[in-house]
Amino acid sequence: MIPGIASRSRRNSKMRYKTSLLKEPKHTELVSCVGWTTADELYSCSEDHQILKWNLLTNETVVVVKLQDDIYPIDLHWFPKTVGGKKQSMAEIFALTSTDGKFHFVSKTGRIEKSVEAHKGAVLAGRWNYDGTALITAGEDGQIKIWSKSGMLRSTLAQQGSPVYSVAWGPDSDKILYTCGRQLIIKPLQPSAKVLQWKAHDGIILKVDWNSMNDLILSGGEDCKYKVWDSFGRLLYCSSSNDYPITSVAWAPDGEVFAVGSFNTLRLCDKTGWSYALEKPNTGSVFSMAWSADGTQLAGACGNGQVIFAHIVEQRWEWKNFEITLTKRRAMQVRNVLNDAVDILEFRDRVIKASLAHGHLVVATSLQCSVYSTKNWNTPLIFDLKESTVSLILQTERHFLLVDGAGIYVYSYEGRMVSTPKFPGMRTDILNAQCISLSNDTIAIRDKTDEKVVYLFDAQLGKAIGDGKPLTHKMEVMEIALDQCGPSSNRKIALIDKNRDLYLTSVRSLGRGHSMHKIGTMVLTMAWNDSANILCGIQDTQFAVWYYPSAVFVDKDLLPKTLFTKDGSEFSRTPHILNYVGSQVSVRKADGSLVYSSVSPYPTLLHEYTNTARWEDALRLCRFAKDQTLWACLAGMAMANRELTTAEISYAAIGEVDKVQYINFIKDLPSKESSLAHMLLFSGHVQEAEATLLQAGLVYQAIQIHINLYNWDRALELAVKHKTHVDTVLAHRQKFLKEFGKNESNKRFLQYSEGVEVDWEKIQAKIDMELAKERERAANPSIRSSIARR
């Protein structure tokens with residue numbers, strides 16, 4: 001028997017903050033807001049009316065400007081630097097809101113370019129949208145207003161009876177999230193669209209944030225809790241009660257982690273809510289937080305006049321026997337667990353993103369990309385990056401992909417740029433690992449503007465596959481994944497849609513439409529194996545492994561027989577499969593712990609044997625393992641490769657007698673074309689089977705398959721079109737109706753019955769002649785080729 005799936009669990013090594021605070025604060029009063037201009041430069045505003053500029057490279061702090069005594073700043077937000085990789089003209093300006101009911105456009109030098117009377121009472125929040133075309137402000141007067149980038153009032157979006165403490169734009173800048181006491185409200189900008197409102201906390205909500213990468217919402221309030229929501233208002237995570245009210249929350253740009261600020265408290269959390277690290281610095285309340293654009297550093301505005309800086313260390317990456325840890329901002333430790341060998345990798349700049357897979361470590365710093373082989377940690381290949389920050393790295397066996405704010409780039413491990421796929425309206429600033437997938441020959445990208453659409457590109461050329469039409473599903477697609485092995489002609493893509501149904505389809509469908517096959521329901525997360533086209537997923541409360549998901553294209557009845565399941569309750573709620581390498585699946589549980597499940601190595605071995613046409617070895621393996629699941633996999637693999645003898649043995653082993661008989665019938669057919677057509681018929685491809693026979697000039701055989709399937713109209717249509725065997729079709733039709741005691745009612749059959757005489761002896765003689773001709777053609781290749789030319 002195949003060994004069961006063994007699991008082991010361990011707590012994930014803590015990613016944590018490394019924080020820094022000055023001995024004496026530079027501000028003399030409460031710091032209300034902070035904002036980054038670059039990854040190393042920060043502006044802070046305080047109730048001491050000063051705006052300070054902090055340079056993290058030189059550790060210098062200078063006063064940019066001292067504001068008028070009546071301006072007490074509350075919130076600041078820099079104008080977006082780039083949109084779609086293009087620099088913005090107003091990128092040197094920030095919006096500053098204040099207690100006097102105004103917002104101000106302030107230049108980098110501290111000059112107030114414009115002041116606008118906006119609200120009665122304090123302007124509590126001000127945020128630019130993602131492309132900088134609009135500014136939203138929220139006031140103590142309960143009003144929410146939208147302004148043009150020049151400061152002209154466009155509209156008053158809402159009027160509440162209580163102060164609006166925080167506001168955030170939706171990922172597409174078409175919705176607004178704001179607070180109203182204990183309620184959260186999502187209001188679309190379209191006047192007729194439905195408003196979503198729900199009670200979110202038991203106390204006044206003080207801060208919200210909405211991430212464009214993962215489309216998740218954060219909220220924190222006076223009930224001392226922070227919560228994670230989806231964009232439909234469904235609660236995904238609720239923290240336990242903290243000691244003090246939650247005064248600030250902020251998503252990291254890539255949406256993988258977020259920060260929570262409270263009195264003398266700074267917390268780092270995973271996107272699913274659980275806490276990586278808790279710091280207790282002497283800050284007073286942290287009123288506002290901002291992440292640098294590269295997501296490596298966090299700054300907090302503190303109640304005691306301090307500005308706290310924190311950067312993330314001790315991130316971990318694992319692959320087979322290698323364990324890599326980010327020990328400092330510019331250094332990594334590599335540990336080989338087999339021999340405990342340790343290497344230290346040092347970088348010129350701060351590490352932003354890294355990925356470890358397929359025998360290579362790819363590290364993106366702020367200016368360069370370094371590629372290491374796991375066989376040699378001493379001499380990396382290094383090349384320069386563009387100005388935008390890398391937000392995602394994906395790897396395959398042959399190449400890797402980088403995503404930044406300006407585009408998508410595929411590189412070889414030698415550092416050569418392979419391709420840069422593009423499509424109209426592409427937004428790389430919101431691409432994450434769930435909506436982009438890479439294999440050796442294909443790139444799949446889900447469209448953000450229409451989430452039912454998946455664009456498919458050739459990885460080598462960067463051009464759309466086939467006729468350029470994207471794959472369109474009937475529902476919004478939540479997650480996509482390309483299989484990793486085999487030739488490009490057999491490439492498959494798995495997708496999970498909004499209903500949590502799992503579908504499989506072929507990427508290169510040769511002009512035919514993409515036929516979607518549902519292979520699972522209630523699938524929460526999935527991953528392909530790195531060395532065989534085996535798919536694993538967590539299906540409701542079960543852990544499932546589809547040992548041969550492509551069986552759905554060969555024989556749908558086989559699919560459930562190739563599926564291995566076991567109880568998955570140990571993975572708890574909202575688990576996430578990180579990877580499936582070799583025979584080990586890594587799953588992150590909702591509490592942050594990692595669970596490793598070992599899957600049987602036999603299916604991977606079976607894939608290896610069948611991919612290299614070692615059919616005898618494959619049979620020996622199945623006989624040794626004595627497992628029905630393996631036999632079912634081999635039956636499907638053999639039929640897909642037209643290995644009829646192996647298929648016959650495999651189907652016999654799982655007791656499919658009718659299919660064994662049909663395979664014997666196929667083996668006895670006189671010509672290759674007939675055999676191929678009946679194998680296509682076996683897999684349910686009727687049209688392809690018909691086309692194969694007609695192309696070979698085997699018209700009678702094409703008509704006969706429709707007679708056997710009771711496709712009477714098509715059988716008659718072919719007979720009439722080719723002016724042959726009309727009487728054969730009519731004879732079989734009459735016999736069929738007679739058996740069921742029915743009279744002919746089809747007008748076309750009645751029409752042709754009048755002028756055609758049915759004589760079974762003549763029909764049988766004609767059929768025998770057709771079969772004799774086919775045998776003759778099969779024996780004489782020159783006849784077959786002349787028919788093919790005609």
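I will start with Asn59, which sits in the loop between strand 5 (50–55) and strand 6 (60–66). Helices and strands here are DSSP runs numbered from the N terminus, helices being H or I with at least four residues and strands E with at least two. Asn59 is not a glycine, yet its phi is positive, at about 60°. Its relative accessibility is 67%, so Asn59 counts as exposed; the cut-offs are over 50% for exposed, under 20% for buried and partly exposed in between, with a 1.4 Å probe and protein chains only.

Before I go on, the basis. This is a predicted model, in which local features need pLDDT of at least 70 and side-chain atom pairs count only at pLDDT 80 or more, while totals for chains, interfaces and linings use all residues. Residues are numbered from 1 along each chain as its sequence is written, and side-chain values use heavy atoms, with hydrogens and water left out.

His358 is not a glycine either, and has a positive phi of about 50°.

Now the chain as a whole. It has 790 residues, 56% of which count as buried. Its secondary structure comes to 14 helices and 58 strands. Along the principal axes, the C-alpha atoms fill a box of roughly 110 × 65 × 45 Å. Take the contacts (heavy atoms within 4.5 Å) between residues at least 6 apart in sequence: 45% of them join residues at least 24 apart.

Which residues does Gln297 touch, leaving aside neighbours within four places in sequence? The list is Trp36, Ala39, Asp40, Leu56, Ala290, Trp291, Ser292, Ala310, His311, Arg329 and Arg350. Gln297 belongs to strand 30 (residues 297–302) and is buried, at 2% relative accessibility. For scale, Pro549 is 252 residues from Gln297 along the chain, and their C-alpha atoms are 43 Å apart.

Another glutamine, Gln701, is part of helix 9 (residues 699–708). Gln701 is also buried, with a relative accessible area of 8%. Not counting residues up to four places away in sequence, Gln701 touches Ser674, Leu693, Glu770, Leu771 and Glu774.

Next, a helix pair. How do helix 3 and helix 5 lie relative to each other? Their axes, lines fitted to C-alpha atoms over the stretch in contact, with angles from 0 to 180 degrees between N-to-C directions, come within 11 Å and cross at roughly 10° for residues 615–625 of helix 3 and 644–653 of helix 5. The two are therefore roughly parallel, the term for angles under 35 degrees. Helix 3 contributes Trp615, Leu619 and Arg623 to the contact, and helix 5 contributes Thr646, Ile649 and Ser650. Of these residues, 3 are nonpolar, 2 polar and 1 charged; Ala, Val, Leu, Ile, Met, Phe, Trp, Tyr, Cys and Pro count as nonpolar, Asp, Glu, Lys and Arg as charged, the others as polar.

Last, cavities: sets of points on a 1 Å grid over the protein atoms alone where a 1.4 Å probe fits but cannot get out. The whole structure has 4 of 30 Å³ or more.

Terms used
1 Å grid on protein atoms, 1.4 Å probe; cavity = no way out; pocket = protein on both sides within 12 Å on 5 of 7 lines; lining within 4 Å. Points joined across faces, edges and corners; volume = space filled by probe spheres on them. Parallel < 35°, antiparallel > 145°, perpendicular 65-115°, else oblique.
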